[in-house]
Amino acid sequence: MCIGLMAIAADFCPWYYGEDFTGIEMLFYIGSIMIVSLGWSGLFGSMVLVPAGKQKYYTLGVTVGAVINLILNICLIPRYASNGAMIASVVAEVVGMLIMYYYVRKEFNTIGLLKKCIPYAIASGIMGAIVVALGAILQANWITTIVEIGLGAAIYLSVLILLGDSIMGEFYQ
């Protein structure tokens with residue numbers, strides 16, 4: 001989703017938000033990174049720490065992230081406006097995720113977990129490159145966005161099938 005949102009932002013934002021919001025694409029590029037960190041935070045926090053009775057470490061990650069967000073907002077918004085706020089949010093989310101990871105790291109085979117992410121990263125990269133190339137050719141409008149989303153999803157799923165992804169294999173059985 002992170003790469004997909006980045007890939008369609010240039011074509012989606014102009015028609016959806018209008019001319020008054022020209023340049024908003026950068027917020028999508030920066031903010032999309034949070035999709036990844038929020039997913040991992042959810043795994044580490046809600047699915048590991050809280051059920052294991054380690055709520056305090058989850059709370060620590062969330063609290064430190066909130067404090068970092070506040071400090072970075074004070075520093076970055078005056079100079080970078082909304083981009084500064086988005087950067088602050090991304091940094092805060094990543095720091096919170098890393099704190100939670102620190103307390104669950106012994107529960108995971110990190111290298112094994114990252115290796116399992118490789119096919120998804122490859123599929124995302126291929127899908128993103130093709131969608132961006134398509135967007136450079138087509139005019140930014142709602143039809144282009146729908147084509148990009150549909151084609152992006154088809155490419156992503158096709159690459160996963162070609163790479164022998166076990167989840168896709170189970171889906172087809």
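T145 sits in helix 6; helices (H or I, at least four residues) and strands (E, at least two) are DSSP runs, numbered from the N terminus. This is a predicted model, in which local features need pLDDT of at least 70, side-chain atom pairs count only at pLDDT 80 or more, and totals for chains, interfaces and linings use all residues. Residues are numbered from 1 along each chain as its sequence is written, and side-chain values use heavy atoms, with hydrogens and water left out.

Is T145 buried or exposed? T145 has a relative accessible area of 4%, so it is buried. The cut-offs are under 20% relative accessible area for buried, over 50% for exposed, and partly exposed in between (1.4 Å probe, protein chains only). Setting aside neighbours within four places in sequence, T145 is in contact with I8, D11, F12 and W15. Contact means heavy atoms within 4.5 Å.

## Nonpolar cores

F12 returns the contact with T145, and also touches Y17 and F28, again leaving aside neighbours within four places in sequence. F12 belongs to the largest nonpolar core, which has 14 residues. A nonpolar core is a set of buried Ala, Val, Leu, Ile, Met, Phe, Trp, Tyr and Cys residues joined through side-chain atoms within 4.5 Å. Inside the largest core, F12, C13, F28 and V131 have the most contacts. Helix 1 (2-17), helix 2 (25-31), helix 5 (110-137) and helix 6 (142-162) each give two or more residues to this core. Helix 1 supplies the largest share, five residues.

## The largest pocket

The largest pocket holds about 960 Å³ of space. On a 1 Å grid over the protein atoms alone, a pocket is an open set of points where a 1.4 Å probe fits, with protein on both sides within 12 Å along at least five of seven lines. Lining residues have an atom within 4 Å of a point. Grid points are joined across faces, edges and corners, and a volume is the space filled by probe spheres set on the points.

The largest pocket is lined by 28 residues, and M1, C2, V36, S124 and Y156 are the closest to its centre. Two or more lining residues come from each of helix 1, helix 3 (33-49), helix 4 (55-104), helix 5 and helix 6. Helix 5 gives the most, with nine residues. By class, the lining has 22 nonpolar, five polar and one charged residues. Here Ala, Val, Leu, Ile, Met, Phe, Trp, Tyr, Cys and Pro count as nonpolar, Asp, Glu, Lys and Arg as charged, and the others, Gly among them, as polar.

## The second largest pocket

The second largest pocket has a volume of about 160 Å³. Its lining has 13 residues, and G61, V62, G65, A92 and E93 are the closest to its centre. Helix 3 and helix 4 each supply at least two residues of this lining. Helix 4 gives the most, with 11 residues.

## Helix 3

The buried residues of helix 3 are M34, S37, S41, F44, G45, V48 and L49. Their cover includes helix 2 and helix 4.

A81 lies in helix 4. A81 is not a glycine, yet it has a positive phi of about 55 degrees. Its relative accessibility is 43%, so A81 counts as partly exposed.

T110 is in helix 5. At 24% relative accessibility, T110 also counts as partly exposed. Not counting residues up to four places away in sequence, T110 touches Y101 and R105.

## The whole chain

The protein chain has seven helices and zero strands. Along the sequence, the pattern is α-α-α-α-α-α-α. The C-alpha atoms fill a box of roughly 55 × 50 × 20 Å, taken along the principal axes.

Of the 173 residues, 30% count as buried. Among contacts between residues at least 6 apart in sequence, 69% join residues at least 24 apart.
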